[in-house]
Amino acid sequence: MTKLARSLGVLLPIPALPSRWGIGDLGPAAYRFAEQLAQAGVRYWQLLPWGPTTPALDNSPYNALSAFAGNPLWISPEQLYAEGFCRRQDLAHLQPYAAQVDYAALTVERMEFLSRCFERSTYWRHHSADFEEFCSRAGSWLEEWVLFAVLREHFRGAPWYEWTPEYRRPSGGQLGVIRRRYANRLEFHRWVQFLFFRQMERLRSWCLERGVELIGDLPLFVADDSADVWAHPERFLLMPDGRPEYLSGAPPDVYNPQGQLWGQPLYRWEVHRAERFQWWMERVSHALRYARWLRLDHFRGYVACWAVRSGASTAAEGNWMPTPGEELFRLFQSRWMPLPFLPEDLGTITPDVELLRCRLGLPSMRVLLFAFPDPACNPHAPHSCGENTVLYTSLHDTPPVRGWFLQAPEPVRKSVARYCGHAVSARSVHRDFLRLALQSAAWLVVVPVQDVCGLGAEAQINRPGTTLGNWRWRLSPGMPHARHWEQLAEMSALFGRYWR
């Protein structure tokens, strides 16, 4: 891997921003946060996946309805008002800020709001070269998405494999009927995607002008109820009725004796290989229009995936299914060098996974929380991290540092104190962890905003193994405070990570 400057990043998902409305968006709060990052010398802002989510799948961004489309809920109402697409009274009817996102109510509200904005944009759309250029550039993925989105509305949110047969596998003639019957609604969904990615591009450009770059997130899998599976079932291991033949998951470990069952379909890799991985190339190219780096979720799945046959009682009944990851990455290298990926190589990492990562020159991911209670020979401890490492203080799937420390048994707390060399309290542990991470050799340290602010377990974004109440947390208005940014900037400068 090319030697990179020591850097610092902060992780904050867009929906968690303290925007004025019921969910964080790409509007003023995002720009304020980016400005604060720049002033604190932070080089990177890491996001979570931006695909459209559904309450049926607990609104997980790792179970999105499309591998390409953007989430309409992130579109900024203030920016639409500034462009004349809505009136002030339209804004007055939107949900105000709340500490938890109410996705069920918000989804109905926002789609109605965007529909009203769409009706006011008729002249603009018909005379917008930018809109036409976006539709042309987005090509096949956009047309597949808008067809899927319209039919999903028609069937009141039911998954595609429960639609009537003529819509599950529409023929060319049937597609023509759909395009004529739903022409206006198809145009609406094109326009929504145009708005989303225009706002993403504007935020990215604004950040770049201030020296801040975005880190995106590329999930390995897609939801079975997604435009990608509906439009190209031949690319996935499915049963005749469209449901997955095998489900994604993870094998048993000390934390999960029965393993983990995630539920997404696995890929029919011989089809992807025959297509020279075209879908993957398009997917990565699309994401890199808006991000400098892509975090690769579940990197070990690029060597082999844990496959659980549908109907199995637990994930423990699965087995490893090989993946042609090396072929795929060599193709990526023919277009992107050095590779713009940050692999999440956590979980069950076998020698072949480590060998692929090393051959590709990709960094390894480490998590400071995981270093305890035995940091001496633990690869997650800061003293064990080499330069080719991305070190996190905590993750969106773990409690923030303070919450973790409060929940930890006494032997773990004592091991933290021994490693830090002084007594550690719940009030200060996030700063101690920040110092430990920043002084490590890792080229990039990523700190979730919860650890910048010293928040507790109530601020955990996702609790693995649970299916309700995740992905709803939001940052409070006014956070992080000025003193949080000052402490971050001071430590970043002290350990050679302050980005000017």
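Where does Asp345 lie? Asp345 sits in the loop that runs between strand E9 (341-343) and helix H14 (351-360). This is a predicted model, in which local features need pLDDT of at least 70, side-chain atom pairs count only at pLDDT 80 or more, and totals for chains, interfaces and linings use all residues. Residues are numbered from 1 along each chain as its sequence is written, and side-chain values use heavy atoms, with hydrogens and water left out.

**Around Asp345**

- Asp345 counts as buried, at 5% relative accessibility (buried means under 20% relative accessible area, exposed over 50%, partly exposed in between, with a 1.4 Å probe and protein chains only).
- The side chain of Asp345 makes a polar contact of 2.6 Å with the side chain of Ser364, and it reaches the backbone nitrogen of Met365 at 2.8 Å.
- A polar contact is a pair of N or O atoms within 3.5 Å; within protein, one must be able to donate a hydrogen and the other to accept it, and residues adjacent in sequence count only if both atoms are side-chain atoms.
- Leaving aside residues up to four places away in sequence, Asp345 touches Phe299, Glu354, Arg357, Ser364, Met365 and Arg366 (contact means heavy atoms within 4.5 Å).

**The sheet**

- Four strands make an open, antiparallel sheet in the order E5-E4-E7-E8; strands are DSSP runs (E, at least two residues), as are helices (H or I, at least four), numbered from the N terminus.
- Strand E5 (260-265) and strand E8 (319-322) are at the edges with a single partner strand each, so one side of each has no neighbour in the sheet.
- Strand E4 (residues 246-250) pairs with strand E7 (residues 304-309) over four bridges in the antiparallel sense (pairing needs at least two DSSP bridges), and Ser248 has Ala307 as its bridge partner in E7.

**Aromatic rings**

- The structure holds 52 aromatic pairs (rings of Phe, Tyr and Trp, the last by its six-membered ring, with centres within 6.5 Å; planes under 30 degrees apart are stacked, over 60 edge-to-face, the rest tilted).
- Phe118 and Phe188 are an edge-to-face pair, with ring centres 5.5 Å apart and planes at 80°.

**Charges over rings**

- The charged end of Arg43 sits over the ring of Trp499, 3.7 Å from its centre (NZ of Lys or CZ of Arg must be within 6 Å of the ring centre and within 35 degrees of the ring normal).
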